[in-house]
Amino acid sequence: SRSSQPALAMPPKRSASRGRSPSPAKRGGRGKSPAASPKTPRGRTPTKSPARSKSPAPRAAGRASSSPAPRSAPKAAPHTKSWSMSKANSSLWELAGPVGLIISPPITVIVLTYALLKLDGSALKLGEEFVKDFPSILWRVHPSIHEMMEAMKVVVVFWAVQLAMMPLVPGKIHTGPVAPSGHRPKYKANGVATYILTVILFFLGAHLGFYKAGIFYYIAAPMYAALNYFSLVFCAFLHVKGLYFPSTKDSGSTGSVIFDYFWGTELYPRIGKKFWSIGWDLKQFTNCRWGMMFWAIGTLSFMMAQAELKGMPYDSMFISVFVQQVYVFKFFLWETGYLNTMDIQHDRAGFYICWGCLVWVPCLYTCHTLFLVEHTIQLGAVTSAVMGAVGFVAVYINWDADQQKTNFREKNGDVEIWGRKATKIVATYRTDLGINKQSLLLTSGWWGLSRHFHYLPELLAAFCWTAPTLWSGSVLGFTYWVFLLLLLTHRSFRDEERCSTKYGAYWEEYKRLVPYRIVPYVF
């Protein structure tokens, strides 16, 4: 899920010399730099990867079928260009998008946090301050170097614990899909156990007096500022590593330093194989063990800060945190599925995805909860119960939709969904190496209602955990939901374009069988 992933709305990426190339945005999940991604330079569309978490599973042209494969392999969809990428053409206009996204989101993080903590989440007050005091307001609200250093001490401890848990917490080895170079990444599937253990350790440390349970609320502003600077340097490290010390052949340059920095130069960057046989996957760490794990711990910490400051967590805070914890737990329950999505298979480790997960997810994806700490809103028993129940069911449907697709792929389409044999399209496509391959496009269950149905319950769940901010009239506290709506809508168009290029006539047949994009009978 986008948000799960973390997310940022990204356009397709450009090509790389060594193998496969990168490309964007969730949750929902889960996910991702803000705003619509800049237009990918002509010819940079990366390529071949398998279907993304947020788009329907590929299948064949012609009528929907319930059989696992056609009797005779259909012809590959005709292509004028190979389904991957060509050489980048870095005009000034094409560079403007990445440059703008490298500069503006980090500033947005600082300003948004200031408005939520000091201006009651009021867009009007923020606008007035900008009119009166721009641009000096940008450095006036910026945390001091000392504050940032103190905040980073806490973050570094958090990172150290997560890095230790990746190899030490028990779990099976999960093998990801084949990369363009033929490489198959391996991961230790211990997300759920790591999530549970992290929550226990967080509260145990607070109980033993090592820190206040509300610690992340008290250091929020300097922490986000410090993460901004760290992430800029970290992305430079990833840039150099991908060019000169790649972990696999799925790496390379587009010929533009700016595009390489923004989109990344390496698909599967890993470190530490001398200490752990499979090594630490840096995208799994930034996306899952920091971005998504902080979403869980950060919101719990904000709830405890309200209890420390106001005497108790109010029902608006409790319901918001409850639904978010269910969502994050769902993400880790499905983490191996996430490791098969485009965030991992297609998007290289660059500013777009790594800054997004290191900074954008911790800040924007929790901003509503941060706002609620000082705004004691009572929803009432009935409203709280309805929002909690609707949010829980929405997260379940989102998970069930992902499970339908996962089971469908694992069993090569030979499954039953809702008591009936799953229907599908068997689609062929041509790889960059000129090899014809097949994919299955699911046309039943949730995926028969709309082509990106899982976005709908994700938006509904997100509404339940962000809506309490509206009781106070705060527009900025509702920023995440607006961002998610734009992100998932943009992503649906981007993914449709990519699938249309990949599958050709098969995708047109799929659209005929499943005519709605996200909302059944509406859109």
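Student: Is the crossing of H5 and H10 left-handed or right-handed?
Tutor: Helices (H or I, at least four residues) and strands (E, at least two) are DSSP runs, numbered from the N terminus. A crossing is left-handed if the near helix is turned anticlockwise from the far one by less than a right angle, and right-handed if clockwise. By that rule, the crossing of H5 and H10 is right-handed.

Student: Before we go on, what pLDDT must side-chain atom pairs have to count?
Tutor: Residues are numbered from 1 along each chain as its sequence is written, and side-chain values use heavy atoms, with hydrogens and water left out. This is a predicted model, where local features need pLDDT of at least 70 and totals for chains, interfaces and linings use all residues, while side-chain atom pairs count only at pLDDT 80 or more.

Student: Back to the helix pair: how far apart are the axes of H5 and H10?
Tutor: Two packed helices are described by the angle between their axes and the distance between the axes. The axes are lines fitted to C-alpha atoms, for helices over the stretch in contact, and angles run from 0 to 180 degrees between N-to-C directions. H5 and H10 (residues 315-333) pack at an angle of about 145°, and the distance between their axes is 7 Å.

Student: Which residues of H5 make the contact?
Tutor: Contact here means heavy atoms within 4.5 Å. H10 brings Gln325, Val328, Phe329, Phe332 and Leu333 to the contact. The partners on the H5 side are Gly191, Val192 and Tyr195.

Student: Which helix gives the most to the nonpolar patch?
Tutor: Patches are made of residues with over 30% relative accessible area and no salt bridge, with like charges joined within 9 Å and nonpolar side chains (Val, Leu, Ile, Met, Phe, Trp, Tyr) within 5 Å. This one covers about 630 Å² and is made by Val157, Val161, Leu197, Leu201, Leu204, Leu208 and Phe210. H4 and H5 (191-207) each supply at least two of its residues, but with three residues the top contributor is H5.

Student: Which residue forms a salt bridge with glutamate 150?
Tutor: Side chains of opposite charge can pair when their charged atoms come close. A salt bridge is a side-chain nitrogen of Lys or Arg within 4 Å of a carboxyl oxygen of Asp or Glu. With the closest N and O atoms 3.0 Å apart, the partner is lysine 153.

Student: How many residues apart are glutamate 266 and lysine 241?
Tutor: These two form a salt bridge, with 3.2 Å between the closest N and O atoms. The pair links distant parts of the chain, glutamate 266 being in the loop between H8 (257-263) and S5 (270-271) and lysine 241 in H7 (residues 220-244), and their separation is 25 residues.

Student: What is the relative accessible area of arginine 512?
Tutor: Arginine 512 meets glutamate 509 in a salt bridge of 2.6 Å, N to O. Glutamate 509 counts as buried, at 14% relative accessibility. Arginine 512 is exposed, with a relative accessible area of 53%.

Definitions and conventions
Buried < 20%, exposed > 50% of the residue type's maximum accessible area, 1.4 Å probe, protein only. Areas by Shrake-Rupley, 256 points an atom, 1.4 Å probe, with all protein chains shown as cover.
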